[in-house]
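Please look at the structure shown below.

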Amino acid sequence: MAPGVAPCLELLLDLPTYFADIRRPGSSGFSDVAPAIKWQVSPIPGKLDLSVVFGVALPTGAVDIAGRGAQPYLQLPWSWELNDGWGVSGMLTEFFRPADLTTKRITEATFVIEKR
């Protein structure tokens with residue numbers, strides 16, 4: 001869900017997903033609920049479009065699936081329309097896991113080249 005609050009501001013809610021291991025016995029259960037806020041920094045058509053998202057996964061899911069405690073995250077999704085229907089986009093995400101003793105931070109980056 002992403003209702004607009006202001007022209008460049010959205011409230012987001014990531015709903016839980018159910019995970020199950022169907023090939024062998026293992027952990028199963030729901031992921032966490034994660035509310036977030038998104039601010040579109042540069043909504044200029046034909047230019048770089050950049051947003052900033054801050055959210056937190058609340059400890060509502062199965063510990064074996066989602067981990068322990070609240071887990072904040074920061075995302076920087078971006079896109080840039082090029083010529084003739086071509087475009088590039090990506091996202092940098094930093095997950096913070098304060099309750100995890102071994103992995104306090106996880107970084108994830110994506111990059112996409114597309115043609116309409």
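The structure contains three aromatic pairs, where rings of Phe, Tyr and Trp (its six-membered ring) pair if their centres lie within 6.5 Å, and planes under 30 degrees apart count as stacked, over 60 as edge-to-face and the rest as tilted. One of these pairs is formed by Tyr73 and Phe95, whose rings are tilted, with 6.2 Å from centre to centre and 45° between the planes. This pair links distant parts of the chain, since Tyr73 belongs to strand 7 and Phe95 to strand 8, 22 residues apart. Helices (H or I, at least four residues) and strands (E, at least two) are DSSP runs, numbered from the N terminus. The model is a predicted one, in which local features need pLDDT of at least 70 and side-chain atom pairs count only at pLDDT 80 or more, while totals for chains, interfaces and linings use all residues. Residues are numbered from 1 along each chain as its sequence is written, and side-chain values use heavy atoms, with hydrogens and water left out.

Are the two partners of this pair buried or exposed? Tyr73 is buried, with a relative accessible area of 8%, whereas Phe95 is partly exposed at 29%. Here buried means under 20% relative accessible area, exposed over 50%, and partly exposed in between (1.4 Å probe, protein chains only).

Another tilted aromatic pair is that of Trp78 and Phe111, with 6.1 Å between the ring centres and 40° between the planes. This pair also links distant parts of the chain: Trp78 lies in strand 7 and Phe111 in strand 9 (residues 105–115), 33 residues apart. Trp78 counts as partly exposed, at 25% relative accessibility, and Phe111 counts as exposed, at 56%.

Both Trp78 and Phe111 are touched by Val88, a residue of strand 8, which covers residues 86–96. Which other residues does Val88 touch, not counting residues up to four places away in sequence? Its contacts (heavy atoms within 4.5 Å) also include Ser79, Trp80, Leu82, Val112 and Ile113. Val88 is buried, with a relative accessible area of 13%. Although Val88 and Phe111 are 23 residues apart in sequence, their C-alpha atoms are 7.4 Å apart in space.

The next topic is charge. Side chains of opposite charge can pair when their charged atoms come close. A salt bridge is a side-chain nitrogen of Lys or Arg within 4 Å of a carboxyl oxygen of Asp or Glu, and a search of the whole structure finds four of them. In one, the side chains of Glu94 and Arg105 meet at 2.7 Å, N to O. Glu94 is buried, with a relative accessible area of 14%, while Arg105 is exposed, at 54%.

Glu81 and Arg116 form another salt bridge, their closest N and O atoms being 3.1 Å apart. This bridge links distant parts of the chain: Glu81 is in strand 7 and Arg116 in the segment after strand 9, 35 residues apart. Glu81 counts as partly exposed, at 48% relative accessibility, and Arg116 as exposed, at 75%. A further salt bridge joins Asp21 and Arg24, where the closest N and O atoms are 4.0 Å apart. Asp21 is partly exposed, with a relative accessible area of 30%, and Arg24 is exposed, with 58%.

Between strand 7 and strand 8 runs a loop that holds Asp84. Asp84 has a positive phi of about 55° although it is not a glycine. This residue is exposed, with a relative accessible area of 67%.

Finally, the reader may turn to the largest pocket. It is lined by 16 residues, of which Ser31, Asp32, Ala57, Gln71 and Phe95 lie nearest its centre. The elements that give two or more residues to this lining are helix 1 (63–66) and strand 7 (71–81). Strand 7 provides the largest share, three residues. On a 1 Å grid over the protein atoms alone, a pocket is an open set of points where a 1.4 Å probe fits, with protein on both sides within 12 Å along at least five of seven lines, and lining residues have an atom within 4 Å of a point.
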